[in-house]
Amino acid sequence: MKTYSLKNIAILSVFTLISCLSFGQQKQEQKFWDNVRFGGNIGANFGNSYTSILIAPQAVYQFNSYVGLGAGLNYSYSEFNPSRNSRLQGSKSNIAGGSLIAIAQPLDFLQVSGDFEYLHVNRNFDNPALDDTYWVPALFLGAGYQQGNFVIGARYDVLYNDRKSVYSNGIQPFVRVLF
């Protein structure tokens, strides 16, 4: 029996999505871009001994007013430098990957979504014996209240692993803005 890695499945899914969308829009290329919505997330957090930066753009093709499908990129950097007298371990991490997203709007105010993320995690500590590099998947199912282009809600990672996940727990609040 042949097994397929999540990386191969994600790459095949993105290729299939791009192929289907480009093939179906050859005659009406302008109409294709009229249905693409852009958005994502950007953030920064700075403290005495902590820095965190996040950028995660998304593009969603809106098939109609009820259903959209898209892809995104994710990158975050964090660094923790405790004072010299501290017993805490300093660290730096780089997390990069991609995501596929499906959005549905069954009611005017309700948006439900499924997000699949596949992230590469690279963590480096003051003690090199603790360094770690690995891939981690996340499959979020969520719902939110929508008002225009703005959605606020929560999502749950059904693949959550408390030892490997980059998130503190399986439930994540989210804010989504697509233009």
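How many cavities of 30 Å³ or more does the structure hold? In this predicted model, the structure holds one such cavity.

The chain comprises two helices and eight strands. Read from the N terminus, the order of these elements is α-α-β-β-β-β-β-β-β-β. Of the 179 residues in the chain, 31% are classed as buried. Among contacts with a separation of 6 or more, 46% are formed by residues 24 or more positions apart. The accessible surface of the chain amounts to about 11,700 Å², and carbon and sulfur atoms contribute 60% of this area.

The volume of the largest cavity is about 30 Å³. Its lining consists of Leu119, Val136, Pro137, Ala138, Asp157, Ser165, Val166 and Tyr167. Strand β6, spanning residues 132–147, supplies the largest share of this lining, with three residues. Classified by residue type, the lining of the largest cavity contains six nonpolar residues, one polar residue and one charged residue.

Gln58 was examined as an individual position. Gln58 lies in strand β2, which covers residues 50–62. The relative accessible area of Gln58 is 15%, and this residue is therefore buried, the cut-off for that class being under 20%. When neighbours within four places in sequence are set aside, the contacts of Gln58 include Arg37, Phe38, Gly39 and Gly40. Gln58 is likewise in contact with Ala71, Gly72, Ser99, Ile101 and Asp115, as well as with Arg176 and Leu178.

Terms used. Residues are numbered from 1 along each chain as its sequence is written. This is a predicted model: local features need pLDDT of at least 70, side-chain atom pairs count only at pLDDT 80 or more; totals for chains, interfaces and linings use all residues. Side-chain values use heavy atoms; hydrogens and water are left out. On a 1 Å grid over the protein atoms alone, a cavity is a set of points where a 1.4 Å probe fits but cannot get out, and a pocket is an open set with protein on both sides within 12 Å along at least five of seven lines; lining residues have an atom within 4 Å of a point. Grid points are joined across faces, edges and corners, and a volume is the space filled by probe spheres set on the points. Helices (H or I, at least four residues) and strands (E, at least two) are DSSP runs, numbered from the N terminus. Ala, Val, Leu, Ile, Met, Phe, Trp, Tyr, Cys and Pro count as nonpolar, Asp, Glu, Lys and Arg as charged, and the others, Gly among them, as polar. Buried means under 20% relative accessible area, exposed over 50%, partly exposed in between (1.4 Å probe, protein chains only). Contact means heavy atoms within 4.5 Å. Accessible areas come from the Shrake-Rupley method with a 1.4 Å probe; for residues, only the protein chains shown count as cover.
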